[in-house]
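Reader: Please take me through this model, with the cut-offs behind each term.

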Amino acid sequence: MGKKITDSVTWVGKIDWELKKFHGEDYSTHRGSSYNSYLIRDEKTALIDTVWAPFAEEFVEDLKRVENLAGIDYVIANHGEIDHSGGLTALMREIPNIPIYCTENAKQSLRGQFHEDWNFVTVKTGDTLSLGKKTLTFVEAPMLHWPDSMFEYLDGDAILFSNDAFGQHYATELLYNDLVDQAELYQEAIKYYANILTPFSRLVVKKIEEVLSFNLPLNMICPSHGVIWRKDPVQIVENYMKWANNYQEGQVTIVYDTMWEGTRKMAEAIAEGIGKASIGTPVKLYNAGKMDKNDIVTEIFKSKAVLFGSPTVNKGILAPLSGMLHEVKGLAFKNKKAAVFGTYGWSGESIDVLGKMVEEAGFEIIQPGLKKLWSPDDLSLNDCKEFGKAFASKLQAN
Ligand code: FEO
């Protein structure tokens with residue numbers, strides 16, 4: 001029933017071990033998630049955020065075991081999305097007149113979603129709320145990741161409550177970054193950035209620079225999902241600065257879909273060709289029709305170049321790859337090279353259609369596409385290897 005973080009701050013959120021999909025079906029959460037809510041007790045008591053709607057009643061009952069609800073003076077809603085505001089209806093039924101501190105945009109989104117005339121108090125960057133000995137300072141964070149998003153800083157404890165920013169979909173009882181498996185944590189943090197925050201990278205940099213310019217001590221970052229950054233909290237800030245700056249690692253990723261294995265064979269031969277170029281570039285292959293979309297997006301985010309492959313179907317490409325490119329276009333990845341390939345039986349439009357989509361998604365195509373008729377034979381597969389080798393050489397030259 002609550003986990004004490006400091007003498008003043010207690011975690012009162014919900015760990016969702018069963019969550020496998022988030023944002024409807026849009027985001028895979030292999031390791032579950034958590035909805036972090038924080039209770040701050042000073043001369044006044046403030047509650048930061050709630051939990052996802054299905055856990056609303058459970059949240060309120062658990063909260064009652066930690067704090068007499070009549071003792072709560074302020075509710076702070078950092079963001080209107082219902083994974084954090086979903087507990088408000090049940091909570092406000094108990095304490096209907098308590099002020100809800102939020103941004104003007106959050107007031108709109110909360111009203112639009114819950115249709116309740118709660119006692120909203122809107123705040124702007126620099127506004128403060130005294131809790132007695134300690135004070136909360138609000139920082140608007142529009143587009144990190146909604147127009148209504150907000151952070152706040154608690155002096156004395158030197159904690160930044162960052163809502164979605166710096167979060168991870170990662171269920172754990174261990175609560176702190178230094179206690180969990182570091183590789184799992186990194187994987188969930190970069191996946192979260194790649195799939196949710198990439199379109200707002202410019203704003204991420206600006207916001208981090210703004211917060212750093214305050215020169216405030218920082219003991220912890222408490223996000224609204226996943227672990228609290230307690231050990232070296234600046235590490236996740238530094239990673240965000242890196243990820244926001246057209247991030248790439250050395251790898252090449254091949255993303256394809258296939259109907260009767262021909263395009264798969266092409267993908268594997270191209271990978272072999274890239275390997276034969278001996279430029280030390282790791283190559284990873286993903287079938288967009290079979291593998292997890294968000295994991296593939298994360299690999300694309302990490303790549304310096306991506307090859308996309310599809311056979312021709314109805315004068316176009318297979319739907320899973322088309323859907324993925326639509327998503328990738330929205331994420332606006334930058335500074336990535338590309339090429340396209342695919343098999344065909346009759347008309348063979350896939351590489352033209354795919355090439356156009358890949359360019360529209362922001363990639364730079366560095367060599368003409370490769371198409372092969374029917375199931376590729378040894379000669380065709382040799383062409384694919386040469387295609388891969390040539391692609392690797394162009395990458396190295398760039
Ligand atoms: Fe975790 Fe944007 O909600």
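This is a predicted model: local features need pLDDT of at least 70, side-chain atom pairs count only at pLDDT 80 or more; totals for chains, interfaces and linings use all residues.

Author: Residues are numbered from 1 along each chain as its sequence is written, and side-chain values use heavy atoms, with hydrogens and water left out.

Reader: How many helices and strands does the protein have?
Author: Helices (H or I, at least four residues) and strands (E, at least two) are DSSP runs, numbered from the N terminus. By that count the secondary structure comes to 12 helices and 22 strands.

Reader: What percentage of the 398 residues counts as buried?
Author: Buried means under 20% relative accessible area, with a 1.4 Å probe and protein chains only. Of the 398 residues, the buried share is 57%.

Reader: Which class do the angles put H5 and H9 in, roughly parallel or roughly perpendicular?
Author: Axes are lines fitted to C-alpha atoms, for helices over the stretch in contact, and angles run from 0 to 180 degrees between N-to-C directions. Helix H5 (residues 182-197) and helix H9 (residues 293-302) pack with axes 9 Å apart, at an angle of about 85°. Angles under 35 degrees count as roughly parallel, over 145 as roughly antiparallel, 65 to 115 as roughly perpendicular and the rest as oblique. H5 is therefore, relative to H9, roughly perpendicular.

Reader: Which residues of H10 meet H11?
Author: The axes of H10 (residues 319-331) and H11 (residues 350-360) come within 9 Å and cross at roughly 20°, which means that H10 is roughly parallel to H11. Contact means heavy atoms within 4.5 Å. On the H11 side the residues are Leu354, Met357, Val358 and Glu360, and on the H10 side they are Leu321, Ser322, Leu325 and Lys329.

Reader: How do the residues lining the largest cavity divide by class?
Author: A cavity is a set of points on a 1 Å grid over the protein atoms alone where a 1.4 Å probe fits but cannot get out, and lining residues have an atom within 4 Å of a point. The largest cavity holds about 40 Å³ of space, and its lining includes Trp11, Tyr170 and Gly226. Ala, Val, Leu, Ile, Met, Phe, Trp, Tyr, Cys and Pro count as nonpolar, Asp, Glu, Lys and Arg as charged, and the others, Gly among them, as polar. The lining has 5 nonpolar, 4 polar and no charged residues.

How values were computed:
On a 1 Å grid over the protein atoms alone, a cavity is a set of points where a 1.4 Å probe fits but cannot get out, and a pocket is an open set with protein on both sides within 12 Å along at least five of seven lines; lining residues have an atom within 4 Å of a point. Grid points are joined across faces, edges and corners, and a volume is the space filled by probe spheres set on the points. Buried means under 20% relative accessible area, exposed over 50%, partly exposed in between (1.4 Å probe, protein chains only).
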